[in-house]
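Please read the following note beside the sequence and the structure. It is written for a reader who is new to describing protein models.

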Amino acid sequence: MTQISVSKQRPTEEPARRAREPARRAREPARSVRATGRRTPGWVMSLPVPLLLAARYLKSSRRDAYVSFLSLLAGGGIALGVAALVLVLSGLAGLQAFLRSDVLARTPHVEVELPAGEDAAAVRDALLEALAAETRAPKVEAARVLIRGRGWMLVGGSSVDVEVIGYTGTLPALFSQTEQEVGESLDSGIFVSEHLAHRWALELGSRVDLVSPRPTLTPMGPQPRLIAQRVAGTFQRGQTEQYEERVAVPLDVAKRLFGARLQRIELHSTGLEEALDLAAVVKGHLPEGSRIATWQDLNRGLFFALKLEKRLMFVSVFLIVPVAAMALITVLALLVSSKRHEIDMLHAMGARPKDLRRAFSTLGMTLAGSGLVVGGTLGVVGAFLLDHFKLISPPGDVYFLDHVPFVVQASDLLAIAGATLIFTMASTAYAARRAAAAGPLEALSSV
Amino acid sequence: MHSTETDTTADGADWAIEASEVFKAYRDGERRVEVLRGVEMKVRAGELVAVVGPSGSGKSTLLHVLGALDLPDRGQVRLAGQELSRLDRKEQARFRNRHLGFVFQFHRLLPDFDALENVMLPGRIAGRDPSRVAERARSLLVEAGLEDRLDHFPNQLSGGERQRVAICRALSLEPSVLLADEPTGNLDPTSAERIFELLLDLQARHGTTTVLVTHNRELASRCGRIFTLENGLLT
């Protein structure tokens, strides 16, 4: 080795040795390099400087037990937060999708409320004719006349406030039922919710009285209109409490209760989006004083509540990520602090502040990104397992679901990834700026 | 980078380092400490000079100022024809990378990089081709007698070997000026002698203008010229 040969030189031999050295060394390189175990530097050295530094610092952070622990804490925290978010949001998405489909199945696509005195059937026929002539109009799959009004139902001295729906033909969408739910029914009469029937011990053919708030003038003064009806069948109540207040009666019974008021036309199109277009076209063909509402208008409150619920859940569960990001800041600050001299030396060697900032940002984002990927994977796999094996089953007699469905939505995943990356990017910026701001004087000062 | 015209020496060669009327002071609480009080220094290209002086005389401060690491309060410093005060932070970094090499008392090698990679770093910072940078680094390390230590990390090297790697790193981009601040100060006499020899050898072969700050009068006497820094003045 050169080192040994140099140490053996005596001062008197120095000039001669120094004269011989260049020639000797010029002959040696090839042999010497071959003698080493490695002839090429690590692939990392081919990376741009910020990545090169980040890769090596990431590797070195694994050797330091404390930094390693904090890195695990930061990455694990982010993974936990992300997994929790994916699970919560997919659970909510599943529940909301179920609720939405149930509600929409019971909601007309477009509902037109006609002014008092109009002949609803005639308006409906004229409307269908006009729509048939409109080339741009979406297809109308069904159009029916309804009466909707509020009244009371009396059974054996008890009364309940109900919404009375007068219909023709089959039960309207408001009472949409599965085959199992239909059960036995009479040809004509009143349909009440199964829940109400059970509570009041109503059976098929039981007598109930419907009372209208619109009085009839008699010689003895205004008297309430009272119509007796037989229970013709029951329907399964919907997923919200409001449906148990609804009853369905034949249209002529509703007319007798409310007169030529509260008449509506219910329209169904080929789809929800088409229904919105249909509403826009229908608007121009209605008598003055008519009011039109789409499925969106009819459920605005519910949809808003669902959206709000999801956002609030997102914000509250996302709080795990900032806590983990604080650990990330600690890791990076610790690394910057422990590598102070190295950073200063890099400055002295001419590394640009931008490169050092990027190196530590990359390091932070690598840790955060790992947490994001691990957490996202855990969340998606967890949601799949929970849904597939129906692992969360609420009591059937209390809730309307036999299991909680989980639906992983790409938009949710994007929102989670975006929010996590933005937050962790902001967190890493602090340490990265500290690394970039340091001047090279410290490296020299310690001399 | 701004370029300026260069002065020449009496024999027509360029001045590699020109410092004129350089003043530098620091605040120490309420007290103002004048470290450099009108330093004048001119070093020819390829020359090896030593700067000696008692502790606290401002040798390191002078090196900071010469190395574009700190700006003087007053006066001018021109290195390789470049007036340093005209450079912004980014340009200073670029200038240090391309024109200056530093060797410190403590090697300041990056512990996560092996010897070869440490020597490659200035080249990679300059954005040069990795294979060429590696080739140059390897040849320098072989010149320094470290052919068996290319893939050794700093903690696997002796103090002398580390300092040799640090010298190779400083010379890897063939800088115009090498600034060495007590490069042997942390070594035992034998290792210190070896390092100094290497420095002389490489300096002579590469023709690098070198400013060596040292306490060791014996080592300083082996340099071409000796500057003494006392009371803020260079004589």
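1. Basis of the note. This is a predicted model, in which local features need pLDDT of at least 70 and side-chain atom pairs count only at pLDDT 80 or more, while totals for chains, interfaces and linings use all residues. Residues are numbered from 1 along each chain as its sequence is written, chains are lettered from A and ligands numbered from 1 in the order in which they are written, and side-chain values use heavy atoms, with hydrogens and water left out.

2. Chain A. This chain has 17 helices and 9 strands; helices (H or I, at least four residues) and strands (E, at least two) are DSSP runs, numbered from the N terminus. Of its 447 residues, 47% are buried. Here buried means under 20% relative accessible area, exposed means over 50%, and partly exposed lies in between (1.4 Å probe, protein chains only). The accessible surface of chain A is about 22,400 Å², and 59% of that area belongs to carbon and sulfur atoms. Such areas come from the Shrake-Rupley method with a 1.4 Å probe; for residues, only the protein chains shown count as cover. A contact means heavy atoms within 4.5 Å. Among contacts in chain A between residues at least 6 apart in sequence, 77% join residues at least 24 apart.

3. Chain B. This chain has 7 helices and 10 strands. Buried residues account for 61% of its 235 residues. Chain B exposes about 9,300 Å², with 45% supplied by carbon and sulfur atoms. Of its contacts with a separation of 6 or more, 72% are between residues 24 or more positions apart.

4. Ala16(B) belongs to strand 1 (residues 15-28) of chain B and is buried, at a relative accessible area of 6%. What does Ala16(B) touch, not counting residues up to four places away in sequence? Its partners include Val43(B), Leu79(B), Val177(B) and Thr209(B). The C-alpha atoms of Ala16(B) and Gly46(B) are separated by 7.9 Å, although the two are 30 residues apart along the chain. Thr184(B) lies in the loop between strand 7 (177-181) and helix 6 (189-206) of chain B. Thr184(B) is also buried, with a relative accessible area of 9%. Leaving out residues up to four places away in sequence, Thr184(B) touches Ala192(B), Ile195(B), Phe196(B) and Leu219(B).

5. Helix 1 of chain B. This helix (residues 59-66) is mostly covered, as 7 of its 8 residues are buried. Among the buried residues are Lys59(B), Leu62(B), His64(B) and Leu66(B). Just after the helix, Ala68(B) takes a positive phi of about 55 degrees.

6. Surface patches. Patches are made of residues with over 30% relative accessible area and no salt bridge; like charges are joined within 9 Å, and nonpolar side chains (Val, Leu, Ile, Met, Phe, Trp, Tyr) within 5 Å. Lys and Arg count as positive and Asp and Glu as negative, while His and the chain ends are not counted. The place of a charge is NZ of Lys, CZ of Arg, CG of Asp or CD of Glu. Lys354(A), Arg357(A), Arg358(A), Arg433(A), Lys90(B) and Arg94(B) form a positive patch. Two or more of these residues come from each of helix 15 (353-388) of chain A and helix 2 (89-99) of chain B. Lys90(B), in helix 2 of chain B, is exposed at 55% relative accessible area. A nonpolar patch of about 570 Å² includes Val381(A), Phe384(A) and Leu391(A). Leu391(A) is exposed, with 54% relative accessibility, and sits in the loop between helix 15 and helix 16 (410-437) of chain A.

7. Salt bridges. A salt bridge is a side-chain nitrogen of Lys or Arg within 4 Å of a carboxyl oxygen of Asp or Glu. The count over all chains is 27. One of them joins Glu113(A) and Arg264(A), at 3.9 Å from N to O. Because Glu113(A) lies in strand 1 (residues 110-113) and Arg264(A) in strand 8 (residues 263-269) of chain A, the pair ties together parts that are 151 residues apart in sequence. Glu113(A) is partly exposed at 22%, whereas Arg264(A) is buried at 13%. Both residues belong to a network of salt bridges that also includes Glu111(A), Arg148(A) and Arg291(A).
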